[in-house]
Amino acid sequence: MSNVYHIVVCAGIVPDPLQTLEPITTPTGPALKNEMMLPAVLDPWSGHALYEATNLAAHFPGSKVWLVSAAPKAKLQQVMMNVAQKASFELIPIDVPANGFADAHSVAKILGEAIQTIAGLDRSRLLLFGGWESASRGAGVTMQLVGERLGIRDQFQGVDQLTVQNDGSLEILERIEGGRHLVSTCQGPPALLGWATGNLPEPKNNPQVGMANMRAIMPALQKAKPASLFQNVRYVSVTPPKQQRQTRVVKDRSVDEIAAELAEWIVQS
Amino acid sequence: MSQNILFLAHVDESGKSLPRIAFEVLGAALDLAAGSGGVLTIGLIGENVQEAADGLASTGARILSVSGREFAHPRYSTDAAAAEAICRAATPELVITPSTSRFLRVIPGVAQRLSGQVDTHITSIEIADSRISAKRWFYRQRLEAAIQRDARPWFLLMDSGCHEPWTGAARTANIEPIDVPVSPDQTRTVFAGIRTPNSDAQTIRPDAKLLFVAGAGWCKKQGDGKNHVAEAEVAILSFLQNSGASLGGSKSLVDQSGENQAVLGFMTHLNQVGQTGSTPRHPKGLSTCCHGEEPHVVGWRFINERRAINLDPNCGWARGKADVLYVADAFQVMERLNALLAKK
């Protein structure tokens with residue numbers, strides 16, 4: 001039973017990055033215009049965490065992956081139709097109106113509570129995965145807050161690589177300044193890893209995996225308990241950037257002229 | 001509205017000084033303390049903090065420290081214990097720290113331990129109507145918000161390039177050391193080194209004046225129906241050498257390495273700029289063979305002057321995202337440009 005991991009991946013959903021975002025004010029705080037209509041995707045860095053988790057579990061028989069997600073149930077179901085085809089996991093959904101303006105502390109609280117109630121989870125084998133930041137709030141704090149709530153004192157952020165050594169210890173590469181990696185060795189679980197992009201490509205859709213997953217995901221979504229988020233943040237203003245550049249399109253210049261203009265621009269202080 | 005403010009920092013890899021961003025954030029903390037009539041305390045973490053503290057002594061602030069071998073390198077458990085101890089000693093309402101990778105990892109956890117709250121990637125801190133407001137971006141630099149919190153302590157991690165660095169003469173600092181015992185369960189993780197990714201050159205240069213972004217077009221078939229990846233590598237590396245630029249890449253380019261396509265050998269996910277990459281801060285940016293789609297361009301939010309080279313006059317850069325779009329073959333332009341820069 002050595003090197004059996006219980007991997008819990010925390011993942012939110014975010015609007016498809018190609019969508020235009022327009023802020024609006026609601027009685028409960030800022031939101032996105034037509035938010036429920038915007039197509040959503042699994043948060044990209046959390047997605048990498050999920051793919052790394054399933055890859056790790058596949059290499060260590062007996063390991064298991066749970067995906068814990070706090071999001072509006074209807075949107076989560078839409079996202080799961082795609083994600084469930086890419087990786088095998090058990091979904092732990094929490095039905096909350098979470099978006100980028102939700103407070104990380106409140107989200108961390110419900111995530112922590114949900115993880116503590118997972119049946120069969122062996123905390124001594126726990127690897128808590130998530131994205132190092134989200135594409136919504138982009139704060140990079142939720143995972144640490146969840147980790148503290150669960151008493152995990154070995155935490156890593158911006159992880160690009162996890163290697164299980166022969167002695168069961170974990171070699172972990174975290175992104176640091178200047179495009180470099182901090183290399184650490186951790187004795188083993190429990191540990192928390194906030195993933196950057198990792199090294200794995202996005203898995204191709206596998207309808208068989210999707211069908212197997214959805215048999216459990218749909219009932220889980222139906223049973224998802226609604227929760228509420230306490231808002232600790234007061235938003236004074238939320239605005240999109242105003243700057244729209246007047247692009248000069250240079251079409252009919254020779255390569256030499258363009259190179260000369262660029263060279264002059266580059267060397268200007 | 002007087003605030004007890006703690007500026008918290010760690011020594012850099014040299015073990016002697018603070019990272020440059022720390023001086024910028026110290027400048028912001030000092031301004032805030034002056035504006036709010038508050039008292040600033042400085043907290044330092046590292047193996048040996050005396051030299052770093054000497055550099056800050058002329059602020060006149062009280063300096064607390066946690067030091068020793070166990071605090072030399074980044075590690076969540078010991079860094080959290082050190083930061084927690086300093087915060088408990090200083091009892092601040094506001095804790096202002098630089099957004100270094102070391103502190104981004106650990107400060108949120110410290111906020112949780114102290115029943116405080118935390119916000120990161122802060123770009124400015126202001127006093128409005130006798131309340132402190134902080135600005136930060138949401139949805140990957142697509143919406144900017146000003147926020148306030150009632151909770152204290154409020155931890156604010158500030159990004160680089162958002163304030164003028166503080167400067168002052170060095171003199172011997174009087175440090176108040178705090179003893180933080182380290183238990184065996186705090187040393188389950190061991191620092192094993194710093195690794196630079198496989199690369200022909202160090203291509204990520206945060207201090208460079210120019211960001212050079214390569215898009216997927218560099219590895220696509222060119223006019224003759226063939227890939228010219230080797231020539232692309234030479235052109236790009238030569239440009240980086242001649243210009244001193246930092247290299248960024250679009251997601252579609254860096255993803256090619258995972259899809260078994262022809263790739264630029266020195267390009268990794270660390271170079272990726274955009275929605276799921278970095279948001280670097282350079283005064284100028286030059287994009288090549290990249291369409292300028294929104295998920296990529298959000299990573300250019302803090303690039304002031306932007307130019308692009310692309311064969312498509314209707315690409316995203318033409319739609320108000322660049323100052324100048326050159327409709328041209330980047331292979332040809334870069335060859336001439338490299339020749340010109342090599343002479344300068």
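The model is predicted, so local features need pLDDT of at least 70 and side-chain atom pairs count only at pLDDT 80 or more, while totals for chains, interfaces and linings use all residues. Residues are numbered from 1 along each chain as its sequence is written, and chains are lettered from A and ligands numbered from 1 in the order in which they are written. In the contact between the chains, 70 residues of chain A touch 76 residues of chain B. Helix 6 of chain A gives the largest share of chain A's side, 10 residues.

**The two chains**

- Chain A has six helices and 14 strands. Helices (H or I, at least four residues) and strands (E, at least two) are DSSP runs, numbered from the N terminus.
- The C-alpha trace of chain A spans about 70 × 50 × 40 Å along its principal axes.
- Of the 269 residues in chain A, 49% are buried. A residue is buried if 20 or more other C-beta atoms lie within 10 Å of its own, exposed if 12 or fewer, and partly exposed in between, with C-beta atoms placed from the backbone.
- In chain A, 77% of the contacts with a separation of 6 or more join residues 24 or more positions apart. Two residues are in contact if their C-beta atoms, placed from the backbone, lie within 7 Å.
- Chain B has eight helices and 16 strands.
- The C-alpha atoms of chain B fill a box of roughly 70 × 45 × 40 Å along the principal axes.
- Of the 344 residues in chain B, 54% count as buried.
- In chain B, 69% of the contacts with a separation of 6 or more are between residues 24 or more positions apart.

**Where the chains meet**

- The interface brings 70 residues of chain A into contact with 76 of chain B. On the chain A side, the elements giving two or more residues include helix 1 (44–59), helix 4 (142–149), strand 9 (155–164), strand 10 (170–176) and helix 6.
- Strand 11, strand 13 (233–239) and strand 14 (248–250) of chain A are also among them.
- Helix 6 (residues 255–267) of chain A and helix 8 (residues 330–343) of chain B have axes that come within 8 Å and cross at roughly 50 degrees. That angle makes the two helices oblique. Axes are lines fitted to C-alpha atoms, for helices over the stretch in contact, and angles run from 0 to 180 degrees between N-to-C directions. Angles under 35 degrees count as roughly parallel, over 145 as roughly antiparallel, 65 to 115 as roughly perpendicular and the rest as oblique.
- This crossing is right-handed. A crossing is right-handed if the near helix is turned clockwise from the far one by less than a right angle, and left-handed if anticlockwise.
- From helix 6 of chain A, the residues that meet helix 8 of chain B include A:Val255, A:Ile258, A:Leu262 and A:Ile266. Their partners in helix 8 of chain B include B:Val333, B:Arg336, B:Leu337 and B:Leu340.

**Helix 5 of chain A**

- Helix 5 (residues 207–223) has 17 residues and reaches 24 Å from its first C-alpha to its last. That is close to the 24 Å expected at 1.5 Å a residue, where the expected span is 1.5 Å times one less than the number of residues.
- The helix has a kink of about 35 degrees, centred on A:Met214. The bend at a residue is the angle between axes fitted to the seven residues ending there and the seven starting there.
- A:Met214 counts as partly exposed because it has 18 C-beta neighbours inside 10 Å.
- The C-alpha atoms of A:Met214 and A:Leu91 are separated by 9.5 Å, although the residues are 123 apart along the chain.
- The buried residues of helix 5 are A:Gly210, A:Asn213 and A:Ile217. They pack against helix 2 (73–83) and strand 7 (90–95) of chain A.

- Most residues other than glycine have a negative phi, and most peptide bonds are trans.
- A cis peptide bond joins A:Pro189 to A:Pro190, with omega about 0 degrees. A:Pro190 sits in the loop between strand 11 (180–186) and strand 12 (191–195) of chain A.
- B:Arg152 and B:Pro153 are also joined by a cis peptide bond, with omega about 0 degrees. B:Pro153 lies in the loop between strand 8 (143–149) and strand 9 (154–158) of chain B.
- A:Asn34 is not a glycine, yet its phi is positive, near 55 degrees. A:Asn34 lies in the loop between strand 4 (29–32) and strand 5 (40–42) of chain A. With 13 C-beta neighbours inside 10 Å, A:Asn34 is partly exposed.
- B:Thr91 has a positive phi of about 40 degrees. B:Thr91 lies in the loop between helix 3 (76–90) and strand 4 (94–98) of chain B. B:Thr91 is exposed, with 12 other C-beta atoms within 10 Å.
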